[in-house]
Amino acid sequence: MTSNSRIHLNVFVPTTGHHEASWLHPGTQPERLTDIGYYRETAAIAERGTFDSLFLADQLAIGRSVKHVAQGKLEPLTLLSALAGATERIGLIATASTTYSEPYNLARQFASLDHISGGRAGWNIVTSWSAEAAGNFGLSQRNSHSDRYRRATEYVEVVRKLWDSWEDDARLHDRATGVYADTDRIHAIDHEGEEFRVRGPLDLPRPPQGHPVLVQAGSSEEGRAFAARYAEAIFTAQQQLPDAQAFYADVKRRAVGFGRDPDGIKILPGLSPILGSTEAEARAREEELNDLTIPAVGLKHLSQRFDGFDFTRFRLDDLIPAEAFPRPATVQGAQSRSQVILDIVDRERPTLRGLLRRLAGGRGHKVLAGTPAAIADHIQLWVEQRAADGFNIMPATVPTGLADFVDEVVPILRKRGLFRTDYAGRTLRDHYGLVRPASRYARSA
Ligand SMILES: Cc1cc2nc3c(=O)[nH]c(=O)nc-3n(C[C@H](O)[C@H](O)[C@H](O)COP(=O)(O)O)c2cc1C
């Protein structure tokens, strides 16, 4: 299956926008976060822009900053099931944790979403980096980074077996003979591993896509190894073209090592565009958002990224020494993101206040303030320079920032022949140009 687009665009649907202070901005609607209409309207804008997919994150805990940051959105799988009925073509990617759930439950939930949406489901596989979630699942502390990835690996194996457990043609619906299903084509999986014992089969037929698309977003050493083995789309935070190129080459090379086609993995770095009719206007918009931030919020977020390290020991207007930060390789949360932040400190030598403003827009993802043509140039350059297969677009404000991107940047990308003008396929695999996997249990002819 070949996609009808040279680049792939996903929209990362936030609460009111990816900018930390977005809810204070008049272009957002913080009072609508539990209103299904709000998400329907957002999805309609993304579908008008022929995005490949929309994506919902999930942390399984309320953030510590709810006093000053809009939080409290709807549960992703429930929300996407509702959006499946309100959209026609766009892919629907939900985050779900391998640390705080069981594979049997999750396999049937995603299989159901894939059936409900006619083959548009994707699973963003996370191990839940945030320490906050552990307390909601009976743990006094989060499991180690390695333990989480080890469990995730076995977890994904089990889920894939369950999705395969019904062969595609297992249902016969033969009223004449009274045979509904061919039980030779419905298989127990009899999985017995270190973490899971699952008999199977699944209690519903194979998903339309065979497997809902597997998405992953870890970029540490263990994260890359996991992604290269399983992921079909990868979200990643990259600030610099050479770093993004190195990441791209490394993951594709590792995938080949697992016997995979490197084109079977779409690498989508995050990009938070802030548009203006001139660069000065765009920068002024970015400053306007940054001026709304509350340093205490940024300090909490930064501390979370470094396993609770207390940054209040520095004064806001002092330069912060890179040596003072905990080493990313020892971080038990999100290792690659702490490295991205440390690289910013190394490169730009900001004051603490400057760093907080720098991170307020994208939490380490690239924020780009510029004209629509400049944003399109950036997208084109990174794709042509083999740093990306497309982007995970993170609007600073919703709905305004998303609508601006769709109305002003998407037409330029289309005119340049980079992006589809309409959907060709029906499934998320079609949009990404991914092969539909056969069931491992299917009898060979
Ligand atoms: C775009 C993007 C979205 C993410 N969404 C979530 C999420 O919803 N829930 C979550 O627990 N982690 C999320 N993560 C974090 C990753 O799953 C992963 O834990 C993190 O990137 C660190 O992985 P690493 O330690 O392998 O670098 C996201 C990461 C990225 C880049």
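How do the residues of the shell around the ligand divide into nonpolar, polar and charged?

1. **Shell make-up.** This is a predicted model. The shell around the ligand divides into 14 polar residues, nine nonpolar and two charged. In total, 25 residues surround the ligand. The closest are H145, Y149, A217, S220 and S336.

2. **Elements that supply the shell.** β4 (121–126), α4 (145–164) and α9 (335–348) each supply at least two shell residues. α9 gives the most, with three residues.

3. **Polar contacts of the ligand.** Start with S336, one of the closest residues. An N or O atom in the side chain of S336 is 2.5 Å from an oxygen atom of the ligand. A polar backbone atom of D58 is 2.7 Å from a ligand oxygen. For S219, a backbone N or O atom lies 3.3 Å from an oxygen atom of the ligand.

4. **Cover.** On its own, the ligand has 620 Å² of accessible area. The protein covers 96% of that area.

5. Turn next to another part of the model. Strand β5 spans residues 171–174 and strand β6 spans residues 179–181. The two strands pair in the antiparallel sense, over two bridges.

How values were computed:
Residues are numbered from 1 along each chain as its sequence is written. This is a predicted model: local features need pLDDT of at least 70, side-chain atom pairs count only at pLDDT 80 or more; totals for chains, interfaces and linings use all residues. Side-chain values use heavy atoms; hydrogens and water are left out. Two strands pair if DSSP finds at least two bridges between them. Helices (H or I, at least four residues) and strands (E, at least two) are DSSP runs, numbered from the N terminus. A residue is near a molecule or strand if one of its heavy atoms lies within 4 Å of it. A polar contact is a pair of N or O atoms within 3.5 Å; within protein, one must be able to donate a hydrogen and the other to accept it, and residues adjacent in sequence count only if both atoms are side-chain atoms. Accessible areas come from the Shrake-Rupley method with a 1.4 Å probe; for residues, only the protein chains shown count as cover. Ala, Val, Leu, Ile, Met, Phe, Trp, Tyr, Cys and Pro count as nonpolar, Asp, Glu, Lys and Arg as charged, and the others, Gly among them, as polar.
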